[in-house]
Amino acid sequence: MTDTFSKMPSANTELWEPRYAARAARMQASEIRELLKLLDQPDIISFAGGIPDPALFPVEAVSKAYLDVLSDKVQASRVLQYSISEGDPALRAWIVDHMASRGVACAAGNILITNGSQQGLEFLGRLLLSPKDTALVEAPTYLGALQAFSSNEPRYDTLHLGQTNRTPDSYRRAAMDAGGEVKFAYVVPDFSNPSGETLPLDGRHDLLALAMDLDIPIIEDAAYAALRYDGVDLAPLQALDIASVGSINASRVIYCGTFSKTLTPGLRIGWICASEQLIARLILIKQASDLNSAAINQAVLLRLAETLYEEQVSKARIHYRAKRDAMLAALAAYMPDSVTWTQPEGGLFVWVTLPPDINTSALLKRAVSQARVAFVPGHAFFTDGTGTNTMRLSFSLPDIASITQGVQRLSELIRNDPT
Ligand SMILES: Cc1ncc(COP(=O)(O)O)c(C=O)c1O
């Protein structure tokens, strides 16, 4: 014990850096999460955090559900115990019905309960990606998915749909040149984080056709799918695929769902819905990772889902629709003509594109120090180094007056930008 450690320099980085596995080099701090730590000052209007509005949390119902579950002796000893890795059968049965309401016919054996959909993404990266393999992702894409996948040392290629010169062969060849294969396409088809955009029906069919040609799975991240404020619901990619291949067990689509945006992220409950074969392998990863999601949280979540899922979703839709409308109205009223933005039909985000010479990372510093308003620079959501003139605005947390005021301040700053 006198050997290596005693010879090592005392600075923390030098002590530990040389000892990490190669994959740790790809584990970078999220720019956004680091940024969020700085924004706790009360006079800043923040459009940065993409988290649900706590005003919507069903606090009393959660508290009552914990009490109910624990006041019954049999239930209490069950939910305070270890549990099966695939998740509470009753909760999985509820999810089976929920998936049916989205057009996905499945059974309990198609569902794995995860600690939020984030854990589902991490498991899928671990199961499907070897170093140098290619993951196809949108530009921009969800930063948390990149974090979940990156420790497997993949390469990213940008998924292009519709009018594009990318052919299936070009994806295949580029992946081979990088020393691996195209392993999956990852998409957030409904009200995406960060863009707010929705993949239209023909885009969904194009993606399924591309995936069939490349013979790859699609990871469908449905985190925001329930939060639609106008327009009509579109079928999940998984439902469209099942309609063509006949059953979920033959489907190439892996659906990641979550209760975080509808009920609460605090219980950390999400799910993967996929073919039984894939779920069987994922259960082994769940076992190795954390044995099971907290049984008590699954029991509480089930009570919430059974008693107030629809009510919560309706409340959230009304609540966020008003905020989205306020943000879009303020953008239209105050932003200079050179600025464009998306028109999300749901979710929590508007994606803003500024003139190419404005760097939003630099702008953020001035926005916080001069205008007391914050956003997330868009650059971090791209895997190819582009997007430096873009930003993500979330309307979920500020009240309506602050949304209007914050957009007005930001617009003035952009108008007067020295670059
Ligand atoms: C697109 C998307 N997917 C997945 C997640 C992870 O959510 P959770 O793990 O709480 O289900 C988020 C969280 O912000 C998200 O925006």
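Trainee: Which ring does the charged end of R166 sit over?
Mentor: The charged end of R166 sits over the ring of Y171, at 4.2 Å from the ring centre. Please keep in mind that this is a predicted model.

Trainee: And what about R19, which ring is under its charged end?
Mentor: That ring belongs to W16, and the charged end of R19 is 5.9 Å from its centre.

Trainee: How many aromatic pairs are found in the whole structure?
Mentor: The search finds nine aromatic pairs. One of them joins W351 and F381, with 5.9 Å from centre to centre and 80° between the planes, an edge-to-face arrangement. W351 lies in strand β10 and F381 in the loop between β12 and β13, so this pair ties together parts that are 30 residues apart in sequence.

Trainee: Are W351 and F381 buried or exposed?
Mentor: Both W351 and F381 are buried.

Trainee: What kind of pair do W351 and F382 form?
Mentor: Their ring centres are 6.1 Å apart and their planes meet at 45°, so the pair is tilted. This pair also links distant parts of the chain, as W351 and F382 are 31 residues apart. Both W351 and F382 are buried.

Trainee: Which residues form an aromatic cluster?
Mentor: W94, F259, W271 and Y309 form one such cluster.

Trainee: Changing topic: how many cavities of 30 Å³ or more are there?
Mentor: The count is one. The largest cavity holds about 60 Å³ of space. It is lined by 13 residues, and the closest to its centre are P52, L56, K261, T262 and L263.

Trainee: How do the residues of that lining divide into nonpolar, polar and charged?
Mentor: Seven are nonpolar, four are polar and two are charged. Domain 1 (21-58 + 311-415) and domain 2 (59-308) each supply at least three residues to the lining of the largest cavity.

Trainee: Now the backbone. Is the peptide bond from A139 to P140 cis or trans?
Mentor: The bond from A139 to P140 is cis, with omega near 5°. P140 is in the loop between β3 and α8. The bond from N193 to P194 is also cis, with omega near 20°, and P194 lies in the loop between β5 and α10.

Trainee: What is the phi of E153?
Mentor: E153 has a positive phi of about 55°, although it is not a glycine. E153 is in the loop between α8 and β4, and its relative accessible area of 26% makes E153 partly exposed.

Trainee: And where is D215?
Mentor: D215 is in the loop between α10 and β6. Its phi is positive, near 55°, and D215 is exposed, with a relative accessible area of 60%.

Methods:
Residues are numbered from 1 along each chain as its sequence is written. This is a predicted model: local features need pLDDT of at least 70, side-chain atom pairs count only at pLDDT 80 or more; totals for chains, interfaces and linings use all residues. Side-chain values use heavy atoms; hydrogens and water are left out. On a 1 Å grid over the protein atoms alone, a cavity is a set of points where a 1.4 Å probe fits but cannot get out, and a pocket is an open set with protein on both sides within 12 Å along at least five of seven lines; lining residues have an atom within 4 Å of a point. Grid points are joined across faces, edges and corners, and a volume is the space filled by probe spheres set on the points. Ala, Val, Leu, Ile, Met, Phe, Trp, Tyr, Cys and Pro count as nonpolar, Asp, Glu, Lys and Arg as charged, and the others, Gly among them, as polar. Domain bounds come from an automatic or database domain assignment. Rings of Phe, Tyr and Trp (its six-membered ring) pair if their centres lie within 6.5 Å; planes under 30 degrees apart count as stacked, over 60 as edge-to-face and the rest as tilted. Helices (H or I, at least four residues) and strands (E, at least two) are DSSP runs, numbered from the N terminus. Buried means under 20% relative accessible area, exposed over 50%, partly exposed in between (1.4 Å probe, protein chains only). A charge sits over a ring if NZ of Lys or CZ of Arg is within 6 Å of the ring centre and within 35 degrees of the ring normal.
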